[in-house]
Structures are given as C-alpha cells and as structure tokens.
Amino acid sequence: MARARARKPGQSDAPPELRVFLVDDHPVICLGITQLLNEQPGMRVCGQANDTATARREILKQKPDVAVIDIALGEGNGLELLKELQAQGSKTAVLIVSSFDETVYAQRCLAAGASGYLNKANAPDQIVDAITQVAAGGIALSQAMAQRALKQSARGQRKTTNNISPIDSLTDRELQVLELLGNGHTSQEIADKLFVSPKTVETHRTHLKEKLGVASVPELVSYAAKWVVHQA
C-alpha cells in the first residue's frame, strides 16, 4: 500500500488561491467587484485593466485562473480581446460580465472561447459562483440563457425566419461598428479604433443598412444610438 506523502512543516491543507483578473473601464464597478472577490475565502483579484492592450499583456504575463471581462471598453472591445487571448494560447478561463443583451452576445462569446456570460444586473453571489464554476472547467450562464441554449440545441440549432433578430444576423465586426456608431463615433474614429481603413468602415455601414433595413446613414446612426441605449 502506498504511503501518504508527509506534509512539510508549516505546509497548509488549503487549496491554491484562485486568482482573478478584472477588465472593465468603470472604476466603481471594478472597485465593487474587487472588494466582493477579495472577501471570498481562497479568492483574490490579482490585477485590473481598462483597455484591451493592457489586459492582453497582463493576462498573458500573470496567467490568472479567471479573467472577468466586460464587452464595452474605453479602448477596444472585450470580444476582440477574448479572441486575441485564444489566438495567443491563453489557458485563462474567461467570464464575460457585461450590460449588453446576453441573447445577442452570449453565444458569440462562447463560440469565441469564453466559459461563461453574465449580465451585470445579476446578484453579486451569482458572479462569485460563476467565477468558481468556470475556474473548475464549467460553463456559467444565467438560468434564462441556459434554457434558451438547451432549446436551441434540442431543435438542432435551427431557427425560423420569424424568430431571427436583425442583430443576430450581424457579424462580430458589424456589431462593433454598430456599437461605435451608437456611441457617436465618426467613420474615421471607428477606423482608428478598429485599425482598419475608412473605406472598410463604409463597407460595414452599407452591410448594416442592408441587414437592419434602414435606408440612410442618419437612420442607421439613430438605430445604433437607440440600440446602445437599450443595452445600458
């Protein structure tokens, strides 16, 4: 019979500390989540960032167990950050916590490599539970979103023309352009933020008008602004 390994003097039986990295450009939210998580036994916030460049660098450097990422950031986009981390081979589990509509973004984020998606309106204890769940290799979704996903799976992920939202038909990049338009950015500003040419942005705007059924740029900007307000 194998003998149990002797524990070194002073060695603790406690499990390793769960290290969490926060990516959010709202200082008050970051402060609140930090206080919440640091109060949990065996859980600690190891770092924070409010833009994608800093977040990508620090997550790849620190290799936290879980990264809690918002979608809307002051500089960059959480969905793009998620894709970049996956492309770099990051093993950090990602939980998206955002105010954006989960019916629009949850499936996109899971497909891009996230381990969970929660709305910021969820109770604090749900965020703690979700972090613990994704750190253990699980998937964390709200009850409503989980039921929606199960229904879609049961239908073989088939959708009828009647229940497809125009927003669902947008690509990730088109959704980013719509969000930036709704936040009042010009085509040149959007091009600078996305590192593409203004001509590419114009092409995205054309596709957006076609998919969303609007006839002009002013109508598209109005649609985008209303959509962004709805997500807040």
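## Helix α7 against helix α8

In this predicted model, helix α7 passes helix α8 in a right-handed crossing, a crossing being right-handed if the near helix is turned clockwise from the far one by less than a right angle, and left-handed if anticlockwise. The contact, meaning heavy atoms within 4.5 Å, is made by R173, Q176, V177, L180 and L181 of α7 together with I190, K193 and L194 of α8. Sorted by class, the contact of α7 with α8 has five nonpolar, one polar and two charged residues, where Ala, Val, Leu, Ile, Met, Phe, Trp, Tyr, Cys and Pro count as nonpolar, Asp, Glu, Lys and Arg as charged, and the others, Gly among them, as polar.

Two packed helices are described by the angle between their axes and the distance between the axes. The axes of α7 and α8, which spans residues 187-194, come within 10 Å and cross at roughly 130°; α7 and α8 are therefore oblique to each other. Angles under 35 degrees count as roughly parallel, over 145 as roughly antiparallel, 65 to 115 as roughly perpendicular and the rest as oblique. The axes are lines fitted to C-alpha atoms, for helices over the stretch in contact, and the angles run from 0 to 180 degrees between N-to-C directions.

## Helix α7 against helix α9

Helix α7 also packs with helix α9 (residues 198-212), at an angle of about 95° and with the axes 10 Å apart, which makes α7 roughly perpendicular to α9. On the α7 side the contact is made by R173, E174, V177, L178 and L181, and on the α9 side by H204, R205, H207, L208, K211 and L212. The residues of this contact divide into five nonpolar, two polar and four charged.

## How covered α7 is

Helix α7 covers residues 172-182 and is mostly covered itself, since ten of its eleven residues are buried, that is, under 20% relative accessible area, with exposed meaning over 50% and partly exposed in between (1.4 Å probe, protein chains only). Among the buried residues of α7 are D172, Q176, L180 and G182. After α7 comes G184, whose phi is positive, near 90°.

## Two loop residues with positive phi

K63 has a positive phi of about 50° although it is not a glycine, and K63 lies in the loop between α2 (52-62) and β3 (66-69). With a relative accessible area of 59%, K63 is exposed. F195, in the loop between α8 and α9, has a phi near 60°, again a positive value in a residue other than glycine, and F195 is exposed, with a relative accessible area of 75%.

## A buried loop residue

S115 is found in the loop between α4 (102-112) and β5 (116-119), and S115 is buried, with a relative accessible area of 15%. Leaving aside its neighbours within four places in sequence, S115 is in contact with residues including A93, L110, V134 and I139.

## The whole protein

The protein contains ten helices and six strands; helices (H or I, at least four residues) and strands (E, at least two) are DSSP runs, numbered from the N terminus. Buried residues make up 41% of the 232 residues.

Residues are numbered from 1 along each chain as its sequence is written, and side-chain values use heavy atoms, with hydrogens and water left out. Because this is a predicted model, local features need pLDDT of at least 70 and side-chain atom pairs count only at pLDDT 80 or more, while totals for chains, interfaces and linings use all residues.
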